[in-house]
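Welcome, and thanks for joining this short tour. Please open the structure in your viewer and keep the selection tool at hand.

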Amino acid sequence: MTTEKHFGPQGWTPDRIGSLKGKTYIITGANAGAGFEATRALLSKGAKVVMMNRNADKSAAAIETLKREYSSDADVTFVRLDLAVLDSVREAASELLDTVPQIDALICNAAIAQVAKQEITVDGFESQLGVNHFGHFLLCGLLFDRIEQSHGRIVVVGSNAYKMGLKKIQFEDLNFDKNYTAWNAYAQSKLAQMMFAYELQRRVEASSKHVQVRVCHPGASRTNLLNDTASLPMKMLWKVISPFIAQSAERGSWPEVMCATEDGLKPQALYGPTKRAETVGPVNECPLEPLALDQEAATQLWSVSEQKVALTWSP
């Protein structure tokens, strides 16, 4: 599959970003890793950033670091969000709507990966599907009107795992009660995120709403994504090989920053690193497997998602 390299052989870099003064960006999972680096990039251009994280202490430390770097006037704040708990998502969305009048982009960055043994959230979901997809689905739905009023964007951070594992949404057993594996469950959660994003694109276009939906992936980046959830052997393997096969968290953040700020991006496209099986390298458009654009499965997923999070949502 060929793709258009819109940004040339060097790919997209943050040097393309102009002033972001007056713009507001919401980032989930922003106190470390790619989310933190995305926050840094946006603040450096004068934007306001609201970090949505679980841990208040880590968020305060991250904000202190950023204010030391960009001065005490850096406009970065924190709203507590636990994507594994739907009530927390509702509370966080309510707080945002009360305090943030404009949302130029919601970046769905937070994720968990390679959960060693099946874990079920308080709302009854397999944890990776619950955090990565259902939590973000609800958040996007609750904030959509504010984003639309701002003519803003929704950026979904997917993963090349979408084309691995079972390569489908296992509607008959979403929680993998019969045969759980960390990899298959993670792959399903990322496929669900991307299917949702492309379905949201289609619905937005059909209703002529003023929201852009963009999809990216970070490649292989040196972040703490596996620290809390992966098995010990997986953590040890990643510690050994990541210096050789992965890029920095900063470079891993570039695709989501690009999708939040760059004009002229294609809708049904996937952006991310383009070298070494799309794990590292220049950021550009990547090949997109047709399975992510399966409209029948996406329609079913949308219906199931509405039911699971108790939100009827018609963009």
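Before we set off, remember that this is a predicted model.

**Stop 1: a pocket**

Select Ser19, Leu20, Lys23, Tyr25, Asp104, His151, Gly152, Arg153, Gln212, Ala260, Thr261 and Asp263, and you have the lining of the second largest pocket. The space inside this second largest pocket comes to about 170 Å³.

**Stop 2: a pair of helices**

Next, select residues 33-44 for helix α1 and residues 56-70 for helix α2. Two packed helices are described by an axis-to-axis angle and distance. Here the angle is about 35°, and the axes lie 11 Å apart. The crossing of α1 past α2 is right-handed. Now show the side chains where the two meet: α1 brings Phe36, Thr39, Arg40, Leu43 and Ser44, while α2 brings Ala62, Thr65, Leu66, Glu69 and Tyr70. This contact between α1 and α2 is made up of five nonpolar, three polar and two charged residues.

**Stop 3: valine 79**

Finally, move to strand β3, residues 76-80, and pick out valine 79. Is valine 79 buried or exposed? Valine 79 is buried, because its relative accessible area is 4%, which is under the 20% cut-off. Leaving aside residues up to four places away in sequence, valine 79 touches Val50, Met51, Met52, Asn53, Ala92, Glu95 and Leu96. To end the tour, draw a distance from the C-alpha atom of valine 79 to that of alanine 56: the two residues are 23 residues apart along the chain, and these atoms are separated by 8.5 Å.

Key: Residues numbered from 1 in each chain as written. Predicted model: local features only at pLDDT ≥ 70, side-chain atom pairs only at ≥ 80, totals over all residues. Heavy atoms only, no water. Axes fitted to C-alpha atoms, helices over the stretch in contact; angles between N-to-C directions. Helix = DSSP H or I, 4+ residues; strand = E, 2+ residues; numbered from the N terminus. Left-handed = near helix turned anticlockwise from the far one by under 90°. Contact = heavy atoms within 4.5 Å. Nonpolar A, V, L, I, M, F, W, Y, C, P; charged D, E, K, R; others polar. 1 Å grid on protein atoms, 1.4 Å probe; cavity = no way out; pocket = protein on both sides within 12 Å on 5 of 7 lines; lining within 4 Å. Points joined across faces, edges and corners; volume = space filled by probe spheres on them. Buried < 20%, exposed > 50% of the residue type's maximum accessible area, 1.4 Å probe, protein only.
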